Amino acid sequence: ILHPADVTGKFMLARRIFASLLLIIYVVLPWITINESPAVFLDIVSREFHFFGITLAPQDLWVLFFGITGTGFALFFITALLGRLWCGWACPYTVFLEHVFRRIERIIDGDANARRKLDRSLWTFPKLTRRMIKHGLYLLIAAVLAHVFLSYFVSLPRLYTYVQESPFQHLTSFGVVAFLTAAFYGCFAHFREQFCIMVCPYGRLQSAMTDDDTVI
């Protein structure tokens with residue numbers, strides 16, 4: 001496991017502020033109501049997709065095609081011009097890993113040198129206690145992120161009802177949350193940078209989009 005140093009500076013400060021803003025948007029969007037629907041609500045059961053007051057039916061998905069394609073071309077253009085701006089500043093994986101899970105790790109285990117020393121040390125009661133607290137928080141936050149993700153597909157009132165009832169009454173939703181919780185925990189607690197190196201296709205494409213004029 002890599003233990004990057006906790007650097008400071010104006011760009012890092014701006015990066016943290018921007019990441020905090022993205023996290024707030026991710027959590028708050030399901031709570032914002034526009035035209036009696038959440039700001040972003042993909043209602044698969046009713047086959048209605050709500051985006052900031054605009055409701056799309058399945059036959060309107062061609063609009064999403066142009067939207068996603070336009071976003072993709074804009075992302076390629078930004079990468080060619082400014083380098084790894086998406087991966088470093090706006091990628092959800094980076095935001096969750098660097099600004100949530102690694103922040104918890106630094107608070108509990110200390111700076112990079114302290115974390116390396118702790119990893120090499122023998123299993124003592126203080127080390128076991130730190131590991132239990134850290135991974136307990138990892139699991140809790142992974143579950144919260146999974147529930148927030150599900151709220152984009154199941155309205156918050158319905159999700160609140162699901163939480164109060166038995167999981168066997170809503171096996172599909174429960175299975176999705178359980179899978180996402182396990183996936184988030186596995187990625188952010190253990191897999192980490194390997195996801196970007198081995199799994200993410202965009203990480204492999206970026207080198208083909210840069211040249212001598214790209215800001216690195």
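A: This is a predicted model. Start with Asp6, which forms a salt bridge with Arg16; their closest N and O atoms are 2.5 Å apart. Asp6 lies in the segment before α1 and Arg16 in helix α1, so this pair ties together parts 10 residues apart in sequence.

Q: What links helix α4 to helix α6?

A: The pair of Glu105 in α4 and Lys134 in α6, 29 residues apart. Their salt bridge has its closest N and O atoms 3.3 Å apart. Glu105 is buried, with a relative accessible area of 4%, and Lys134 is buried at 5%. Through shared partners, salt bridges join Glu105, Asp109, Arg115, Asp119, Arg131, Lys134 and Arg192 into one network.

Q: What does buried Lys127 do without a salt bridge?

A: A salt bridge needs the charged atoms within 4 Å. For Lys127, the nearest side chain of opposite charge, Asp119, is 5.5 Å away. The Lys127 side chain instead reaches the backbone oxygen of Ser121 at 2.9 Å.

Q: How many disulfides are there?

A: A disulfide is a covalent bond between the sulfur atoms of two cysteines. The structure holds 0. Cys87 is in no disulfide, and the nearest cysteine sulfur, that of Cys91, is 5.8 Å away. Cys87 counts as buried at 14% relative accessibility, and Cys91 counts as buried at 13%.

Methods. Residues are numbered from 1 along each chain as its sequence is written. This is a predicted model: local features need pLDDT of at least 70, side-chain atom pairs count only at pLDDT 80 or more; totals for chains, interfaces and linings use all residues. Side-chain values use heavy atoms; hydrogens and water are left out. Buried means under 20% relative accessible area, exposed over 50%, partly exposed in between (1.4 Å probe, protein chains only). Lys and Arg count as positive and Asp and Glu as negative; His and the chain ends are not counted. A polar contact is a pair of N or O atoms within 3.5 Å; within protein, one must be able to donate a hydrogen and the other to accept it, and residues adjacent in sequence count only if both atoms are side-chain atoms. A disulfide is a pair of cysteine sulfur atoms within 2.5 Å. Helices (H or I, at least four residues) and strands (E, at least two) are DSSP runs, numbered from the N terminus.
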